Amino acid sequence: MECWRKIQSGSWIFPTVILCIYGFCSMMRPSEPFLTPYLTGPDKNLTIDQITQHVFPVWTYSYLALLFPVFLITDYIRYKPVIILQGISFIITWLLLLFADGVVAMQLMEFFYGMVTATEVAYYAYIYSVVNTEHYQKVTGYCRSITLVATTTGSLLGQLLVSLAHVSYFYLNAISLASIAVAFLASFFLPMPQKSMFFHRKSSPEASIEPTNKKPQNAPSQANAQLDKAIATSLVTPQDSPAFQLPKTRGQAHFLIILVQLCKDLKECYTTKKLLYWSMWWALATAGFNQILNYVQVLWDHKAPSHSSEVYNGAVEAIATFLCSITSLIVGHVKLDWELTGELALGVFSALDAASLFLMHFTTNIWACYTGYLVYKACYILLITIATFQIAAALSMERYALMFGFNNFVALLIQTIMTIIVVDSKGLGLNIETQFLIYGSYFAVIAGIFLIRSIYTIISIKCQKEAKNLTGNPQKTEAEEQSADCYATRL
């Protein structure tokens, strides 16, 4: 028992292992690639129009409504309660999927799934509050890779059970429910963090939220110094408290001080042109990506109806996840001048995304449609990995988390507008094929913007280099002029 307490309290291994167990079990959902066939099948008897125009849009709306408050509350109550809330939302989602019927019940299910995705930030942020800085890279790799392994395992297991054992979609959902129940139980064993990125920061060099390319980590910014001073004046607890703990009467003031500081930091981040352009692509592309993920199964069911064709959604998702892992690894080992070629890569691969979506629209062959999806998802993950690196390299961890949350919020806002206009029955309510034609055009516009921007950037950098070379060799220029004068005198 003593040994167990020691492992639990003094090591980074224990919280990492528990979090990885949670991540694996929560993402190992063999039923997810078969959601649309399940809803349109004999278990739920919903029509494609009901799913597309009335059920699936609720996820987008609830995700948008919940993201910002959940982002702040997650940091304020220090992650673990939000991870437990995610586990509860998971269980409610799958209970409704299994035992509830009708459009309204499925809309309620989508609302709770929106809660699941909104609280996902706690999973990735939690580990940074319970391990030391030197372990960040290692534990990040573990936590992210385990989710990829779980997604691949779940998709592959679902496909094998459907194709070989002819297991019904109902029992796939029962397996998913059992898996997320294990994740929910595991969440209670996570140690409660004593600090967080914003509201419970320790007064240490790691708490600085200035960009890493502006000041060294051991030199706190003036803004942070003012913030710490303002907080300190309102404290009644000892200064060596493990985190900032405000009295209830001052809690609101503390919250507002932090919120104002976050707004200032966010504004300063977006004054950098490089970060602004990368963030703009991030928001635009992520909005389209989320929309494709939400409705691609509907397109597959339209191309090859599940009630009369073999369904290979699980195999396709497993291959897509594997390809995404490979592309992420490739980006990590490619040595390029992203300052020069980054925006060109955004333009070229966004054009490939557009071409893939056009293929999915125009083809009548389900295998060509599957192939287009694989290319699309691999290209997006490649680019989002590059964008993540470019943004994270210029910022501290706290400011990166802030930009990550805001970029996702903007992406959801764009996706919501897209859903209202294109998908929702109160808007145009277009059929699924026309929707993908619009999504392809959307990515073509993104590609055009960044191709034009990249050409401008490349030409500007070359012109600056040429001007620098000319101004950098004045002696050579004078010698050339003297030689020309001598030659003219001889003539």
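**Reading the terms from the values**

Tutor: Gladly! Of the 491 residues in the chain, 48% are buried. Keep in mind that this is a predicted model. The chain has 18 helices and zero strands.

Student: What share of the contacts with a separation of 6 or more comes from residues 24 or more positions apart?

Tutor: Such residues account for 82% of those contacts.

Student: Let me pick two helices. Why are H5 and H9 called roughly antiparallel?

Tutor: Start with the angle. The axes of H5 (residues 80-99) and H9 (residues 169-187) cross at roughly 160 degrees and come within 9 Å. The cut-off for roughly antiparallel is an angle over 145 degrees. The crossing angle lies above that cut-off, and H5 and H9 are therefore roughly antiparallel. As for handedness, H5 passes H9 in a left-handed crossing.

Student: Which residues meet where H5 and H9 touch?

Tutor: On the H5 side they include Ile-84, Ile-91, Trp-94 and Leu-98, and on the H9 side Phe-170, Asn-173, Leu-177 and Phe-184 are among them. By class, the residues of this contact are 16 nonpolar, four polar and one charged.

Student: Leu-98 is in that list. What makes Leu-98 buried?

Tutor: Leu-98, a residue of helix H5, has a relative accessible area of 7%. Buried means under 20%, so Leu-98 qualifies.

Student: And which residues is Leu-98 in contact with, leaving aside neighbours within four places in sequence?

Tutor: Leu-98 is in contact with Tyr-38, Lys-44, Phe-170, Asn-173, Ala-174 and Leu-177. Take Leu-177: its C-alpha atom is 9.0 Å from that of Leu-98, although the two are 79 residues apart along the chain.

Student: Now to H12 and H15. How do you know that H12 is roughly antiparallel to H15?

Tutor: The axes of H12 (residues 273-303) and H15 (residues 366-393) come within 10 Å and cross at roughly 160 degrees. With the cut-off at over 145 degrees, that makes H12 roughly antiparallel to H15. The contact of H12 with H15 has 22 nonpolar, five polar and three charged residues. H12 passes H15 in a left-handed crossing.

Student: What about aromatic rings: how many aromatic pairs are there in the whole structure?

Tutor: A search finds 22 aromatic pairs. One of them is formed by Phe-289 and Tyr-380, with 3.9 Å centre to centre and 10 degrees between the planes.

Student: Then what makes the pair of Trp-300 and Tyr-373 edge-to-face?

Tutor: Here the ring centres are 5.1 Å apart and the planes stand at 90 degrees. Planes over 60 degrees apart count as edge-to-face, so that is the name for this pair. Trp-300 lies in H12 and Tyr-373 in H15, so the pair ties together parts 73 residues apart in sequence. Both residues are buried.

Student: Which residues do ring pairs link into a cluster?

Tutor: Trp-281, Phe-289, Tyr-376, Tyr-380, Tyr-442 and Phe-443.

Methods: Residues are numbered from 1 along each chain as its sequence is written. This is a predicted model: local features need pLDDT of at least 70, side-chain atom pairs count only at pLDDT 80 or more; totals for chains, interfaces and linings use all residues. Side-chain values use heavy atoms; hydrogens and water are left out. Axes are lines fitted to C-alpha atoms, for helices over the stretch in contact, and angles run from 0 to 180 degrees between N-to-C directions. Helices (H or I, at least four residues) and strands (E, at least two) are DSSP runs, numbered from the N terminus. Angles under 35 degrees count as roughly parallel, over 145 as roughly antiparallel, 65 to 115 as roughly perpendicular and the rest as oblique. A crossing is left-handed if the near helix is turned anticlockwise from the far one by less than a right angle, and right-handed if clockwise. Contact means heavy atoms within 4.5 Å. Ala, Val, Leu, Ile, Met, Phe, Trp, Tyr, Cys and Pro count as nonpolar, Asp, Glu, Lys and Arg as charged, and the others, Gly among them, as polar. Rings of Phe, Tyr and Trp (its six-membered ring) pair if their centres lie within 6.5 Å; planes under 30 degrees apart count as stacked, over 60 as edge-to-face and the rest as tilted. Buried means under 20% relative accessible area, exposed over 50%, partly exposed in between (1.4 Å probe, protein chains only).
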